[in-house]
Amino acid sequence: MPDIAEHTGPEVATERLDRVVIRFAGDSGDGMQLTGDRFTDASALFGNDLATLPDFPAEIRAPAGTLAGVSAFQVHISDHDITTPGDAPNVLVAMNPAALRNEVSRLEGGGTLIVNEDAFGERNLTKAGYTANPLDDGSLDGYTLYRVPMSSLTLRAVEELGVKPRDAERSKNLFALGLVSWMYTRPVEETLRWIETKFSQKPQVRDANLAAFKAGHAFGETAELFDHPYAVDPAPRRPGTYTNITGNTALTWGLLAASQCSHLPLFLGSYPITPASDILHELSKHKRFGVRTLQAEDEIAGIGAAIGAAYGGSLGVTTTSGPGMALKAEAMGLAVSLELPLLIVDIQRGGPSTGLPTKTEAADLLTAYYGRHGESPLPIVAAYSPSDCFWAALEAARIAIKYRTPVILLSDGYLANGSEPWLLPAVKDLPDLSTTFATSPNHTTESGEEVFWPYLRDPDTLARAWALPGTPGLMHRIGGLEKEDGSGNISYDAENHARMVHLRAAKIAGIAADIPEVMVSGDVEDAEVLIVGWGSTWGAIDGAVNRVRNQGRRVASTHLTHLNPFPRNLGEVLRRYPKVLVPEMNLGQLSRLLRAEFLVDAGSVTNMRGVPFTAGELEEAILDYLSSPRHGNEGIR
Amino acid sequence: MTELIPVTSRKDWMSDQEVRWCPGCGDYSILAAVQLLMPDLGITREDTVFVSGIGCAARFPYYINTYGLHSIHGRAPAIATGLAMSRPDLHVFVVTGDGDALSIGGNHLIHALRRNINITILMFNNQIYGLTKGQYSPTSELGKVTKSTPFGSLDHPFNPLSLAIGAEASFVARTHDMDRAHMLETFRRAYEHQGASFVEVFQNCNVFNDHAFEGVTAKAVREEMLIPLRHGEPVRFGTDGGKGVVIDAQRGAHIVDVDAVGLDTLLVHDEARTDPSVSFMLSRLARGPYEPTPIGVFRAVDRLEYSAEVSRQIAEAQAPAGPGRLEDLLHSGTTWTVD
Ligand code: SF4
């Protein structure tokens, strides 16, 4: 590795940036996700704050070179705290004409555009729908264009390794990574080590990738194409140990942590579905934790098996996305009726139907609320950032276990695949989620007999008694038919049914006393508008609120992590401000709930484009809303 | 160390719930047989769980004094799979009907069978929907006139045993509600089998489909119409065993006069044969309960049991360095430290 290190001495002039947004785009087969991941890891290790946005097509391999096959990865690195993957990229790396055509409109005016010149042959241009070569026709004059013959330079770099040209060309993404790593003075040792380990079983591929990466790096410094590299300093951070984590991994680890903290074995019943499958994959690896995972025959069997495991005393979990939520609805109703702890994890994606499997959306909130027949309320917890998925999983499990209820945990495609640095918690600081099972009779009948009543409730939590199969003397039978209050025996009595419906509702409503109140930030005292968010919009809202406040407007914001029940002070907070605005990746589902629940005129900003809000578009929306006379709470008060 | 299992009687396995099937329903005799059998299995009530879906048969768990879970239509095999996988110490039974198991829950049934999870599935086949008051079921005969098929059913029926054998179930058997001794023996074998066992029980629904199986199960005709399968013995039935079953390349399994072909030609029943094709042929012998029908254990083969395999993988993962530690997990990716 010294061949690189010795060239990056202090004599090279670097320009300092406080932040930069880079977007890697290429064909699905070009390895752009891997390139982005490596750049991200190097930046994380270097100490930058960062946020990422992988953006890939639903097709595994759409025809090469077509617009449908473009796969992109955006990463935002900075020397200060950031919460979004950035609005417009400052740098776009386009590996072929299709990537250029798809992505160039996102690039900021005057932004840096690096293209693989070799890919701009006639065939590829036609496939991308270009009639003239955009590199030559002046259409890119508004950007700083760098034409780099990445394919041929890669081929030359690996020539002496004896790699077949077809295989050699595959390493061009590492050439691009090497080049961008030089441009942004990323430390290279970790990337080189990673390549060596990852491809240790295939020495030829390993050597070709190493050579390509080094060639890209060397090209940056010797080609005199670029004036100088840039530096983005580490962000100041709280002391501690960090790792870069995606939402799905964090969620998986949160489930494992919940299992450890509750001393309940973890059981996952799941059916593969994008973008939730990674949780099944990750959990399946961790047999050392005693996890049992079942790739079920369908979505219904996934939740069915989880219910069976929960009945036996496991922490039962099922993971899915929108279409699976629809299929699981009946079984969720059973879990509501059985009053057993169960986690239903919904990694939301674009709907309806198959919709946009790889694009993000948060339009399952009303499904989570109401997507079962009858009165069947259950708690809803939503994660707000990739690393928060860990905490959200723990919190969902806490509620499920303590209240003996299924809980829906909402995440989405953006959180699932996006990543950020995470300050690792100390295991000893994690909450104790342990629970107690019934081991002896809890009721005396009129005839003086000591019996076990499975639906006798804890007076504080209204949670029912939970006796596990295997416990002598407490044999009992429960099911989906209405149960008699207390005994749990089948009851068709009308008064009893009404009582049970109210008891189940009261149990869930009562959780409000056991969750944190909402916190308001920004201009708490005198804001003109309160922005209410939930889920993955947190980062964009945070950025937008700061921008609007910097323009002298007074804005407050709050972010909900508990959607059902709502935090107990939410109504009071909403009524405190003249206007309320709710940005959502749906057509206004939370704003509708807030209106119904609290009689406030909650406005709505929506985005159904499959990509997260940018701070810029929310900034505009907030300013618009502030200048609109139509909305406000005044009329209601 | 063997645990001491307290001696129990049939009464101990009866719950305090009033049994609410129609008077005369075949379910009563099946319940009685199960309650009679349980004290003999050497297991405790608390370690036993009955799981069911929806239908008349699905009320079964309420009537037996064990742990019980009355779930939703068709899903009992999936729920039982999760329970048996996570609690291999329990004895998990599934009680289901022809509509529950073969129609709405068909997918779960075949997958539980091929996965070979350790559950005992008792499917009461009455060839009708009872609880919803008399629609045709997936086992009703072609042309059956019911409320939903006033002009006769157009659906070709399932043969439950063919389906189970096709799914490569490791234990497949048939019995009927008119023969307590046969039920006891068949249920015992099903319970003792390691893996998923599937038992079809011909069950009379005297309200909506009375006499459906009488053509083969009535005392007067049994000898001529039921073909008892006994492992290691030639398959024969009828007065003095005068009829038998042979298999030949042209006609598959068919019935012959023993005198005409000779005893040596008869099929010798081998329930342990790994290849399911012979038991499949036996399952096709009768087109319905109006032709001579084999009963007993069709197939009982050794195959890896799913929950034991899951436990094995966990044990192997833990063997080198013990159970996982959360601390190690959190630090398993690339980490860096800020001072
Ligand atoms: S309807 Fe038929 S199967 Fe159901 S309880 Fe009555 S007789 Fe038995």
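**Figure 1. Domain division of chain A in the predicted model.** Four domains make up the division of chain A: domain 1 (4-232), domain 2 (243-429), domain 3 (436-514) and domain 4 (521-636). The centres of domain 2 of chain A and domain 3 of chain A, taken over C-alpha atoms, are separated by 26 Å. Between these two domains of chain A, 23 residues of domain 2 are in contact with 24 residues of domain 3.

**Figure 2. Helix α5 of chain A and its packing partners.** Helix α5(A) covers residues 150-158, and its buried residues are A:Met150, A:Ser151, A:Leu153, A:Thr154 and A:Val158. Viewed down the axis of α5(A), these buried residues fall within an arc of 165°, so they line one face of the helix. An α-helix has 3.6 residues a turn, so residues three or four places apart point the same way.

**Figure 3. A:Val501 in helix α17 of chain A.** The helix that holds A:Val501 spans residues 494-510. A:Val501 counts as buried because its relative accessibility is 19%, and the cut-off for buried is under 20%. A:Val501 and A:Ala615 are 114 residues apart in sequence, and their C-alpha atoms are 43 Å apart in space.

**Figure 4. Two cis peptide bonds in chain A, at A:Pro275 and A:Pro565.** The bond from A:Thr274 to A:Pro275 is cis, with omega near 0°. A:Pro275 sits in the loop between β10 (266-270) and α11 (277-285) of chain A. A:Asn564 and A:Pro565 are likewise joined by a cis peptide bond, with omega about -5°. The loop that contains A:Pro565 runs between β23 (562-564) and α19 (570-576) of chain A.

**Figure 5. Positive phi at A:Glu339 and A:Arg404.** Most residues other than glycine have a negative phi, and most peptide bonds are trans. For A:Glu339, phi is near 50°. A:Glu339 lies in the loop between α13 (322-338) and β13 (342-348) of chain A, and is buried, with a relative accessible area of 2%. For A:Arg404, phi is near 50°. A:Arg404 belongs to the loop between α15 (388-403) and β15 (406-412) of chain A and counts as buried at 6% relative accessibility.

**Figure 6. Residues around the ligand in chain B.** The surrounding residues are B:Trp21, B:Cys22, B:Cys25, B:Cys56, B:Asn126, B:Gly130, B:Gln203, B:Cys205, B:Asn206, B:Val207 and B:Phe208. By class, seven residues of this shell are nonpolar and four are polar, with no charged residues.

**Figure 7. Open three-stranded sheet of chain B.** The strand order is β8-β9-β10, with antiparallel pairing. Strands β8 (236-237) and β10 (252-257) of chain B are the edge strands, each pairing on one side only. Between β9(B), residues 243-248, and β10(B), the antiparallel pairing extends over six bridges. B:Val246 has B:His254 in β10(B) as its bridge partner.

**Figure 8. B:His269 and its contacts.** B:His269 is located in the loop between α9 (258-261) and α10 (277-283) of chain B. With 3% relative accessibility, B:His269 counts as buried. Leaving out residues up to four places away in sequence, B:His269 touches B:Leu229, B:Arg230, B:His231, B:Gly232, B:Glu233, B:Val235, B:Leu282, B:Val297 and B:Phe298.

Key:
Residues numbered from 1 in each chain as written. Chains lettered and ligands numbered in written order. Predicted model: local features only at pLDDT ≥ 70, side-chain atom pairs only at ≥ 80, totals over all residues. Heavy atoms only, no water. Near = heavy atom within 4 Å. Nonpolar A, V, L, I, M, F, W, Y, C, P; charged D, E, K, R; others polar. Pairing = 2+ DSSP bridges. Helix = DSSP H or I, 4+ residues; strand = E, 2+ residues; numbered from the N terminus. Buried < 20%, exposed > 50% of the residue type's maximum accessible area, 1.4 Å probe, protein only. Arc of directions from axis to C-beta. Contact = heavy atoms within 4.5 Å. Domains from an automatic or database assignment.
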